[in-house]
Amino acid sequence: MRTPTPDTRTRPAPGRLPYPEWRFAYLGPEGTFTELALRSLPEATGARLSPAATATEALTLVCRGAADAAMLPVHNTVAGVVADTVRALAESPALTVLREVVLPVEFALLVRPGTRRARIRTVSGHPHAGAQVGGWLDSRAPQARWTPAPSNAEAARRVRDRECDAAVAGEFTAAHYGLQVLDAGIQDTAGAVTRFLLCARPGRWSGPRPAADRTSLVGRLAARPEEAGGLLDGLRSHPFLRSVSLRTVSDGRSGSVLFADCPGGAGQAATARAVGLLRLRLPGLRVLGPYPSATHVPSYERSETMHTETAAEAGLSAETGSRDIARLRDRIDSLDHLLIGTLRERLEASREIQRIRTRSGGSQVDPGREAAVRGRYAEELGEGGTGVAEALLDMCRGRSPR
Ligand SMILES: O=C(O)C(=O)C[C@]1(C(=O)O)C=C[C@@H](O)C=C1
């Protein structure tokens with residue numbers, strides 16, 4: 001399958017320009033798969049799109065208010081997590097994810113017109129592209145030396161400017177840089193897809209709440225990359241985290257960065273439990289989302305308050321005194337997530353018992369059992385425990401007996 005070429009000159013019908021003033025950053029320069037991913041969103045139609053040289057630069061534009069959202073590649077089914085993106089997300093002040101886009105990716109070898117394969121000495125591309133065409137290059141251009149670039153389109157730019165002989169990029173990238181497609185479909189594995197995330201500052205988008213069915217987390221770990229594996233194994237075996245995908249990359253220094261994907265969004269008990277537990281164990285993690293996965297494609301409306309915030313306000317935290325409070329509140333938020341998830345589960349179990357009992361003619365209430373529940377809470381939590389037990393029982397069976 002060929003990747004479609006985006007026509008940057010085409011303007012859609014006026015009816016398809018609901019948010020013409022949106023400003024998007026993306027991993028550029030022009031001609032990246034990330035640009036394709038961004039252009040696949042209806043919101044990008046007619047909006048101002050700004051290529052950024054790196055993931056960090058794209059997120060900085062968002063944090064400073066110079067862009068409303070940034071599209072970045074985050075994962076590829078063959079090459080894994082995009083380390084630059086995950087590191088940049090971990091370094092950025094609070095951001096969230098609005099949307100996910102998934103695109104099939106196929107690669108071509110691009111050269112200046114007339115270059116023969118035997119004359120290629122240097123080949124460049126994003127490390128992820130390199131990981132997907134390594135076998136092809138070894139067998140078809142073994143003399144070529146690989147030099148990584150921040151993006152495939154940047155590699156194409158380097159070929160155009162004679163800094164390099166060939167680039168591994170999408171076929172559509174050739175037209176942007178006056179290059180020729182020497183070989184197409186050079187990926188070693190068919191059917192690879194890349195996942196992209198549209199990242200924005202929280203609270204800047206309003207409108208209908210889409211069906212958010214995925215929540216991600218990102219953050220720095222104290223563990224060194226070689227220790228991170230053991231840490232992840234421990235987490236993966238926890239019953240709350242069985243359906244959570246956990247991946248780490250090196251932070252480029254001595255530590256690691258974790259990227260986690262949880263199925264489910266706000267209001268789902270299992271997600272709340274998983275998010276709460278992860279943040280409790282790894283307090284440095286930040287929640288991205290929840291957001292609709294690529295199978296759900298809703299539209300967003302921009303918040304009225306969007307332009308009232310200044311760049312100075314963007315992501316800059318308050319002074320030291322409030323930092324401790326913020327940290328502790330983070331912990332409380334994690335604990336509340338956990339509690340809420342657990343409470344929902346308790347509610348379901350309790351209601352099920354009551355249904356079973358009343359269906360067979362019994363009473364909804366079991367005073368003996370309630371006394372035991374009250375006793376346990378009083379014993380474990382002291383005086384306040386009785387009130388907690390009472391509130392719990394009221395919630396689970398309704399408000400009547402005391
Ligand atoms: O354990 C039961 O029999 C329940 O029905 C559950 C439960 C509870 O939520 O703990 C709720 C109502 C009963 O009066 C007693 C206890």
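Select Gln-132 and display its side chain, which reaches the backbone oxygen of His-128 at 3.0 Å, a polar contact in the sense of a pair of N or O atoms within 3.5 Å, where within protein one must be able to donate a hydrogen and the other to accept it, and where residues adjacent in sequence count only if both atoms are side-chain atoms. The model is a predicted one, in which local features need pLDDT of at least 70 and side-chain atom pairs count only at pLDDT 80 or more, while totals for chains, interfaces and linings use all residues. Residues are numbered from 1 along each chain as its sequence is written, and side-chain values use heavy atoms, with hydrogens and water left out.

Gln-132 lies in helix 4, residues 127-140; helices (H or I, at least four residues) and strands (E, at least two) are DSSP runs numbered from the N terminus. With a relative accessible area of 4%, Gln-132 is buried, a label that means under 20% relative accessible area, with exposed meaning over 50% and partly exposed in between (1.4 Å probe, protein chains only). To see what surrounds Gln-132, leave aside its neighbours within four places in sequence and select the residues in contact with it, which are Asn-76, Val-78, Ala-79, Val-105, Phe-107, Ile-186, Gln-187, Asp-188 and Ala-192, contact being heavy atoms within 4.5 Å.

Next, turn to the charged pairs. Side chains of opposite charge can pair when their charged atoms come close. A salt bridge is counted here when a side-chain nitrogen of Lys or Arg lies within 4 Å of a carboxyl oxygen of Asp or Glu, and by this rule the count comes to 25.

Begin with Glu-91 and Arg-220, which form a salt bridge whose closest N and O atoms are 2.0 Å apart. This pair links distant parts of the chain, with Glu-91 in helix 3 (residues 83-91) and Arg-220 in strand 13 (residues 214-221), 129 residues apart. Glu-91 is partly exposed at 47% relative accessibility, and Arg-220 is likewise partly exposed, with a relative accessible area of 32%.

Then select Arg-236 and Asp-233, where the closest N and O atoms of the salt bridge are 3.6 Å apart. Both residues lie in helix 7 (residues 225-236), 3 residues apart, about one turn of the helix, and Arg-236 is partly exposed at 37% relative accessible area.

Move on to Arg-374 and Glu-390, whose side chains meet in a salt bridge at 2.7 Å, N to O. Arg-374 belongs to helix 10 (residues 367-381) and Glu-390 to helix 11 (residues 383-397), so the pair ties together parts that are 16 residues apart in sequence. Arg-374 is buried, with a relative accessible area of 19%, and Glu-390 is buried at 12%.

Now centre the view on the ligand. Of the 13 residues around the ligand, Arg-346, Ser-350, Arg-357, Asp-366 and Glu-370 come nearest, a residue being near a molecule or strand if one of its heavy atoms lies within 4 Å of it. An N or O atom in the side chain of Arg-346 is 2.8 Å from an oxygen atom of the ligand, a polar side-chain atom of Ser-350 lies 2.8 Å from a ligand oxygen atom, and for Asp-366 a backbone N or O atom lies 2.9 Å from an oxygen atom of the ligand. Taken alone the ligand exposes 360 Å², and the protein buries 94% of that; such accessible areas come from the Shrake-Rupley method with a 1.4 Å probe, and for residues only the protein chains shown count as cover.

Helix 9 (320-359), helix 10 and helix 11 are the elements that give two or more residues to the shell around the ligand, and helix 9 gives the most, with 5 residues.

Finally, zoom out to the protein chain, whose secondary structure comes to 11 helices and 17 strands. Buried residues make up 45% of its 402 residues, and its accessible surface comes to about 19700 Å², of which 53% belongs to carbon and sulfur atoms. Among contacts between residues at least 6 apart in sequence, 77% join residues at least 24 apart.
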